[in-house]
Amino acid sequence: MRVVIASRIFEPEPSAASFRLQALAERLVADGHEVEVKTVRPPATLAPAQVPKHYRVTRWPVKRDRQGYVRGYVSYMSFDVPLALRLLFSRRADAVVVEPPPTTGVMVRFACAIRRTPYFYYAADVWSDAAQQTGAPGWMVRSVRALEKWAWRGARAILSVSTGVTERVGELITHPRVPTVGNGVSVARFVAGAAGETPLETPFFVYAGTASEWHGATAFVDAFAEAGPQLGDAQLVFIGGGSERAALEERAAQLGIASRLRFFETMPPEELAPWLAHSIASLASVRPGSGYDFAFPTKLYSSAACGAPLIYAGPGPAVEFVRSRVDVEPLGEAVAYDEAAIADALVRAYDRRAASTPETIGARRQAVSDWAVKTVSLDSVAAKIVRVIEGDQEPFSSGEQ
């Protein structure tokens, strides 16, 4: 089969979407399929992307925001409209895998209907739920919901990353095929970089990844301020972007702890890995009641791959994951999304680290990393998706209306 992957983000831009789509492309090729990725030109600040040896990547210039992201409807359309034309006037595919946003899904449905090509929608989350939590006007939320549902309905299958997403899709539409394919990270890339060093000489906690409204990462700033006197000279490090980045810096200044916080831009896995591996704990959260209680922060996967102790605040499937045991110890601690509860967890993690020897820290890190290699690799996720695509032998249909 010839499979096209359509996404506004792909390597070398470091993101969960880039990693899982790259893993999918590689698995498709390994199973004997021809692959083309239709994506965007990376920002000039990133090193040029390596040319894949076994599949083709075609890139299109797009409008980016001030932080260099393809984000916002004008930016999305600068990719989506040309994408429809690229699908219509290029060699026909046997299947298309499309990555959100919903506007991209809509354009892919139009093009695939004309070319009579089945497409598969990769549902990493529910965008209309996220839009509802950003304070967007009601008409905009309703519009996103309508676009998303229409893009879903035309898909031959909706590839869900978690049971929570699967259940939420089922609440919004009726679709015959919503397989839960799971999620993970490019474990090998994180493991390879974990032995590196960081520029900090003091102990630190790290929040690595997107900090948006539904993550609620400001709770860690508040908790760090409360626990500060019990954390010695530890620092709180944020790596990555997101809509709450400015709010994090502002909150730290208000609380008088700006000197103990460090902010870094998004890093590729090989550079991020040492920060995770050498942290007191890796932090993640989901703000309750944001409409995203079913979400799973993928930063937990990459942190486990590097052997980092985990602290998770919030509801949802991440609670069970963080409490998973490797040998006799859990991966970390899951607490309520509450300033006092998070502060206590930070102190406990700091005290455990202070009472440990380098040998015990290294042994635990290796055990957790070995477990993650077997448990959260994107390779197994990609294999499930390939089986879904290969098993699709039905005649083409444009989907229910």
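**Aromatic pairs and charges over rings**

Trp275 is buried, at 4% relative accessibility (buried means under 20% relative accessible area, exposed over 50%, partly exposed in between; 1.4 Å probe, protein chains only). This is a predicted model, in which local features need pLDDT of at least 70 and side-chain atom pairs count only at pLDDT 80 or more, while totals for chains, interfaces and linings use all residues. Residues are numbered from 1 along each chain as its sequence is written, and side-chain values use heavy atoms, without hydrogens and water.

**Aromatic pairs**

- There are 13 aromatic pairs (Phe, Tyr or Trp rings, the six-membered one for Trp, with centres within 6.5 Å; planes under 30 degrees apart are stacked, over 60 edge-to-face, the rest tilted).
- One of them is the tilted pair of Phe264 and Trp275, with 4.9 Å between centres and 45° between planes.
- Phe264 lies in strand β9 (residues 261–264) and Trp275 in helix α10 (residues 269–277), so this pair links distant parts of the chain, 11 residues apart (helices, H or I, at least four residues, and strands, E, at least two, are DSSP runs numbered from the N terminus).
- Phe264 is buried, at 18% relative accessible area.
- Phe296 and Phe321 form an edge-to-face pair because their planes are at 80°, with centres 5.3 Å apart.
- Here too the pair links distant parts of the chain, 25 residues apart: Phe296 is in the loop between β10 (282–285) and α11 (299–305), and Phe321 is in helix α12 (residues 318–322).
- Phe296 is buried at 16% relative accessible area, and Phe321 is buried at 10%.
- Tyr207, Phe220, Phe238 and Phe263 are linked into a cluster by ring pairs.

**Charges over rings**

- The charged end of Arg20 sits over the Tyr122 ring, 4.5 Å from its centre (NZ of Lys or CZ of Arg within 6 Å of the ring centre and within 35 degrees of the ring normal).
- The charged end of Arg109 sits over the Trp150 ring, 4.0 Å from its centre.
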